[in-house]
Amino acid sequence: MTKTLSSPKTVNAQKPLLVVLSGPSGTGKSTIVAELLKRDRRFCVSISATTRPRRSAEKEGKDYYFLSPEEFRNKKRRGEFIETASVFEEWYGTPKKLLLEALKHNRLVLFDIDVHGGMSIKKWRKDAVLIFVLPPSMSALKGRLSGRKTESATEMKLRLARALKEISFWSKYDYVVCNNDLNETVELIRSIIRSESQRVVRCRTITFR
Ligand code: 5GP
């Protein structure tokens, strides 16, 4: 007769984890976020609101909540955003309601937001993890921006000039990764998140059964 021993279990109740990804437009952050979501079901993503026009491949409520400037202003006035930033002459904001709901359920939340947004999130939650994503080079960034054909020549110039300003923020972040290879970058970010979620400060309780 075999005897089954019940192995002792350790239950580690985790606090929520906020992971911010920032980096110049065209670095591949949204592709990285999509891959992270595919590879780990625990992740959820904070969907921002924006006043910028929807690109043809984008879906309302999946990529962004697309608002008119007036709708955005009203929501901002009513305090419905955790943070807002003006990027490329359009407004972007992180909606408060869904984020607070995700935090209540101890979720692992990903943000694809600019450096000012990153700084605001860190100020709001000191335990947020900030990851700066660098493009392999400026010429690679130019290539990616022109390849996606979603911006006019003027918008491209604006994005490249802003890229340099954004990159100057890298040292304020907790981690920096260079997106040379999508798969490697995604796995590197997953390993950062795995280690971060094991931090003692992130444990609510530990129960031995
Ligand atoms: P895009 O127009 O290319 O989708 O985004 C332009 C920039 O705005 C990107 O750097 C993106 O990370 C940033 N962004 C998107 N949503 C938000 C947000 O809610 N807050 C802030 N601060 N930046 C955002």
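## Pairing in the mixed sheet

Two strands pair if DSSP finds at least two bridges between them. Strand E4 (residues 49–50) and strand E7 (residues 90–95) are joined by 2 bridges. The two run antiparallel. The model is predicted.

This pair belongs to an open sheet of 4 strands. The order is E5-E4-E7-E6, and the pairing is mixed. Strand E5 (65–66) and strand E6 (81–87) are the edges. Each has a single partner strand, so one side of each is left without a neighbour in the sheet. Strands of a sheet pair through backbone hydrogen bonds, either parallel or antiparallel.

E6 and E7 are antiparallel and share 6 bridges. Ser86 stands opposite Trp91 in E7. The two strands make a hairpin, with 2 residues between them. Phe88 sits in the turn and has a positive phi of about 50 degrees.

Helix H3 (residues 96–104) lies across E5, E6 and E7. The helix runs at about 30 degrees to E7.

## The parallel sheet

There is also an open sheet of 5 strands, ordered E3-E8-E2-E9-E10. Its pairing is parallel. Strand E3 (43–45) and strand E10 (175–178) are the edge strands, and each pairs on one side only. On average, neighbouring strands here are turned by 25 degrees against each other, direction ignored.

E3 and strand E8 (residues 108–112) run parallel and are joined by 3 bridges. Val45 has Leu110 in E8 as its bridge partner. H3 packs on this sheet as well, touching strand E2 (17–22), E3 and E8. The direction of H3 makes about 150 degrees with that of E8.

## The ligand site

Which residues are closest to the ligand? They are Arg52, Tyr64, Glu83, Tyr92 and Asp114, out of 19 residues that surround it.

For Tyr64, the distance to a ligand oxygen atom is 2.5 Å. For Glu83, a polar side-chain atom lies 2.7 Å from a nitrogen atom of the ligand. For Asp112, a polar side-chain atom lies 2.7 Å from a ligand oxygen atom. On its own, the ligand has 510 Å² of accessible area, and the protein covers 95% of that.

Is Arg159 buried or exposed? Its relative accessibility is 9%, so Arg159 counts as buried. The residue is found in helix H6 (residues 153–167). Beyond its neighbours within four places in sequence, Arg159 is in contact with Ser25, Arg55, Phe88, Tyr92, Leu145, Arg148 and Glu151. Among these, Phe88 lies in the hairpin turn, and Tyr92 is among the residues closest to the ligand.

Glu151 lies in the loop between helix H5 (138–148) and H6. Glu151 also counts as buried, because its relative accessibility is 12%. Leaving out residues up to four places away in sequence, Glu151 touches Arg55, Leu145, Met156 and Arg159. Arg55 is 96 residues from Glu151 along the chain, and their C-alpha atoms are separated by 9.6 Å.

Definitions and conventions
Residues numbered from 1 in each chain as written. Predicted model: local features only at pLDDT ≥ 70, side-chain atom pairs only at ≥ 80, totals over all residues. Heavy atoms only, no water. Buried < 20%, exposed > 50% of the residue type's maximum accessible area, 1.4 Å probe, protein only. Contact = heavy atoms within 4.5 Å. Axes fitted to C-alpha atoms, helices over the stretch in contact; angles between N-to-C directions. Near = heavy atom within 4 Å. Polar contact = N/O pair within 3.5 Å; in protein donor to acceptor, adjacent residues only side chain to side chain. Areas by Shrake-Rupley, 256 points an atom, 1.4 Å probe, with all protein chains shown as cover.
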